[in-house]
Amino acid sequence: MKDPIQKAMKDAYKVGFFSQQKKLETLRRAQRKQKALWPFSLTVLTTCCVVFLLLFLVKGSPHMTETVGSKSIASIEQAYMERWQQFTTVVGSNFDTQARIQYLSASDWLLQQAILEEKNGRLLAELLQHMTFIVGDASTEVEFPEITTFEQLTAQASDLIDKLEKTYGAWNIQKLGENQLPNIEIFYMDFWRIIGKFALFSFFAYLLYSNWRGKRNYFFAIIQVTILLAIIISFMKPSNGQYAMNEQALFEQSVASYKEFMGEWVDVSEAKIVDTARFGEQLSILIDAGDNIYILSNFIYIKERRGYLRERTIWGRDDVLQIFLSSAVYEGDSTGNIFALPANHNIGRIEVENVMTKEIVTLNILTNEAGIYYFSIPVSMQSDDGYFAIHYYDQQGNLLKGEEPF
């Protein structure tokens with residue numbers, strides 16, 4: 001398509017109204033106007049690229065859908081106070097080994113998901129993280145005021161958090177991944193990968209634009225369009241790992257792993273979630289698959305993906321399902337263990353014994369309901385030649401079974 005300015009100039013020249021000097025001045029003005037349009041068009045192109053890519057980069061923050069709707073506000077408040085009392089017991093006992101293990105074995109997952117009020121819920125969830133950090137690091141020293149009511153705990157939560165952050169530094173606290181995110185996050189994927197792809201996309205978009213404004217080499221245009229489409233597809237393509245963003249995804253991945261091994265003929269239509277527990281960056285889910293079969297999956301939180309990656313899934317009709325973790329969850333621990341106890345179990349106590357030194361740490365199971373527990377041997381019990389044996393006792397204190405030393 002011809003330039004309308006040049007066309008108007010030629011038409012005017014034909015009439016003969018312009019002198020040679022006027023013609024040159026008009027030509028210079030037209031050239032200046034064309035030069036002025038180039039930065040503007042480049043700005044428009046860049047803006048369009050940014051807006052287009054943000055369609056793939058800007059995503060809503062994932063939120064776990066776990067709710068505590070079956071529990072009243074009063075029962076949630078009572079659970080918070082019981083947790084606070086357990087915490088003060090651990091701190092007051094100078095981090096007694098048994099009291100510390102008992103505290104860490106219980107998950108704060110349900111309390112962290114309970115929404116009392118939008119503001120208070122976030123504060124209390126963050127306070128729980130601080131409490132877990134302190135119990136997880138037995139070398140810390142801390143003093144807290146006496147709190148006897150939930151109203152006092154709610155009113156002082158912000159001050160308690162500020163005190164901890166000033167004393168130990170906010171970097172010591174692992175924020176709740178899904179609860180601490182803003183409503184919209186731009187850098188949802190790896191930061192440098194995004195920057196690299198964006199720069200590459202902008203470069204080839206510029207080459208395509210320049211090609212189209214110039215002699216229009218269609219061969220190079222096809223190559224440039226192909227590269228741009230490949231970059232766009234790479235943003236749309238899901239990552240290699242399957243990351244769970246909500247409780248339903250945790251459930252589906254766990255059941256799919258079970259069916260993949262057992263065969264598609266397995267009926268899991270009645271499968272349901274029994275318990276979900278989070279310990280540090282570890283998240284475990286226990287599922288009743290029917291026919292007295294329970295599925296236990298362990299996930300780990302991946303910060304760059306804002307989701308959970310499944311590490312392992314086991315199942316069976318055993319009284320205890322156990323997953324050995326590859327690393328410690330809390331300070332002062334060795335590698336940890338996740339225990340899942342199906343419904344109506346008869347286990348009242350789990351003991352881990354150092355076979356060489358005869359040191360024992362105990363985890364008391366306070367209920368026979370199905371649940372998930374974390375149990376890790378303190379580093380103080382470790383030795384170069386130490387072997388450990390696990391013993392299970394029933395509610396009456398009778399030895400049920402023991403496992404071979406490990």
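Modeller: A patch is made of residues with over 30% relative accessible area and no salt bridge, and nonpolar side chains are joined within 5 Å. The model is a predicted one. In it, the nonpolar surface patch consists of Phe219, Phe220 and Ile223, which together have about 310 Å² of accessible area. Phenylalanine 220 belongs to helix α9, residues 218–236. Its relative accessibility is 45%, so phenylalanine 220 is classed as partly exposed, since that class lies between under 20% for buried and over 50% for exposed.

Arginine 83 falls in another of these classes: its relative accessible area is 6%, so arginine 83 is buried. Arginine 83 sits in helix α3, residues 73–92. Beyond the neighbours within four places in sequence, arginine 83 contacts Tyr103, Ala106, Asp108, Leu111, Leu128 and Met131.

As for the strands, five of them form an open sheet in the order β3-β7-β6-β5-β4, and the pairing is antiparallel. The edges are β3 (243–244) and β4 (272–279); each has a single partner strand, so one side of each lacks a neighbour in the sheet. The partner of β4 is β5 (residues 282–290), and seven bridges join these antiparallel strands. Within this pair, alanine 277 is opposite serine 284 of β5. Helix α10 (residues 247–262) lies across β3, β4, β5, β6 (293–302) and β7 (307–316), and runs at about 45° to β7.

Notes
Residues are numbered from 1 along each chain as its sequence is written. This is a predicted model: local features need pLDDT of at least 70, side-chain atom pairs count only at pLDDT 80 or more; totals for chains, interfaces and linings use all residues. Side-chain values use heavy atoms; hydrogens and water are left out. Two strands pair if DSSP finds at least two bridges between them. Helices (H or I, at least four residues) and strands (E, at least two) are DSSP runs, numbered from the N terminus. Contact means heavy atoms within 4.5 Å. Axes are lines fitted to C-alpha atoms, for helices over the stretch in contact, and angles run from 0 to 180 degrees between N-to-C directions. Buried means under 20% relative accessible area, exposed over 50%, partly exposed in between (1.4 Å probe, protein chains only). Patches are made of residues with over 30% relative accessible area and no salt bridge: like charges are joined within 9 Å, nonpolar side chains (Val, Leu, Ile, Met, Phe, Trp, Tyr) within 5 Å. Accessible areas come from the Shrake-Rupley method with a 1.4 Å probe; for residues, only the protein chains shown count as cover. A salt bridge is a side-chain nitrogen of Lys or Arg within 4 Å of a carboxyl oxygen of Asp or Glu.
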